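Welcome! Here is a friendly first tour of this structure, one region at a time.

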Amino acid sequence: MSKVILVTGAGRGLGTDIAREALAVGHQVVATGRRPDEVEKTLGGPQDNLLVTRLDVTSLDDAEAAAQAAVDRFGRIDVLVNNAGNLVAGYFEEISPAQMRQQFETNLFGPMNVTRAVLPVLRKQRAGHVITITSTAGLVGMEFTSAYAASKFAEEGWMESLRYDVEPYNIHTTIVEPGYFRTEFLVDGSPTWPELSIDDYAPRTAPMIGGIKSINGKQPGDPAKLARALLAIADQDKPLLRFVAGADAIEAAEAKAKELLAQAEASRELGGSLAYDDTNA
């Protein structure tokens, strides 16, 4: 069945693939980005089932305008795909406070803005689906990703809790945790590197930046296949609450689950004995 799908960050990378695949199978697509002319060009120009509109996710006004434009054009919104995001990479002390705040503005408060704008439409319909792309870094903290992982961990907590807020209105939520996919996420100019420089970190910073750059174009995941998988999830009667995307992401999730269980067990003797002893009251 045809759906109205609003995609953020549709001008490049995975967002483009999601929009393109959705159009190919007959969905109506609201493709958003900061430069709508480029978004439309990337998707092949004007189309009957395509609405391209400006959206900087850090602007609630933009988000509300995009949601209204979608309803004005197609009458409803069925699926929101929170895809837009970016990467601030570096060791924590070398990432400036401004960079850290900007990472959260884009990766956390951005999807919150768009979701805040779309939820009234979904509640009125008593139907809808919010899909948010987080990352394996939302499950596993890694070296040189303190800002990015922090924003993605926060995004995961928000989405896990949002589920309970919106379930009574027949609104589904799905968290998507991709591993490495061959998008434009790591091309030159996309990642943001640390603004600060500390001598202690200098011998490690340059090799880490070089290592990240070297991954570009060699990621194992196919973004078009991921886009088709997301559309399949959007068609499920009971969509997955969490979709771990890619063999590398599944391996990381399994390792993290084992680690959490091991740490819980190791904490049992000390951590399980912290309740009040009411028998002595």
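## Two packed helices

Helix α3 (residues 60-74) packs against helix α4 (residues 97-125) at an angle of about 35°, and their axes lie 8 Å apart. Axes here are lines fitted to C-alpha atoms over the stretch in contact, with angles from 0 to 180 degrees between N-to-C directions. Helices are DSSP runs (H or I, at least four residues) and strands are E runs of at least two, numbered from the N terminus.

On the α3 side, the contact (heavy atoms within 4.5 Å) involves Leu60, Ala63, Glu64, Ala67 and Val71, while α4 brings Asn113, Val114, Arg116, Ala117, Val118 and Val121.

## About the model

This is a predicted model: local features need pLDDT of at least 70, side-chain atom pairs count only at pLDDT 80 or more, and totals for chains, interfaces and linings use all residues. Residues are numbered from 1 along each chain as its sequence is written, and side-chain values use heavy atoms, leaving out hydrogens and water.

## Helix α1

Is α1 largely enclosed or open, and why? Because 10 of its 12 residues are buried, α1 is largely enclosed by the rest of the structure. Buried means under 20% relative accessible area, exposed over 50%, and partly exposed in between (1.4 Å probe, protein chains only). Among the buried residues of α1 are Gly13, Leu14 and Ile18. Just after α1, glycine 26 has a positive phi of about 95°.

## Serine 135

Serine 135 sits in the loop between β5 (128-133) and α5 (146-166). With 9% relative accessibility, serine 135 counts as buried. Leaving aside residues up to four places away in sequence, serine 135 touches Tyr148, Lys152, Glu156, Val176, Glu177 and Pro178.
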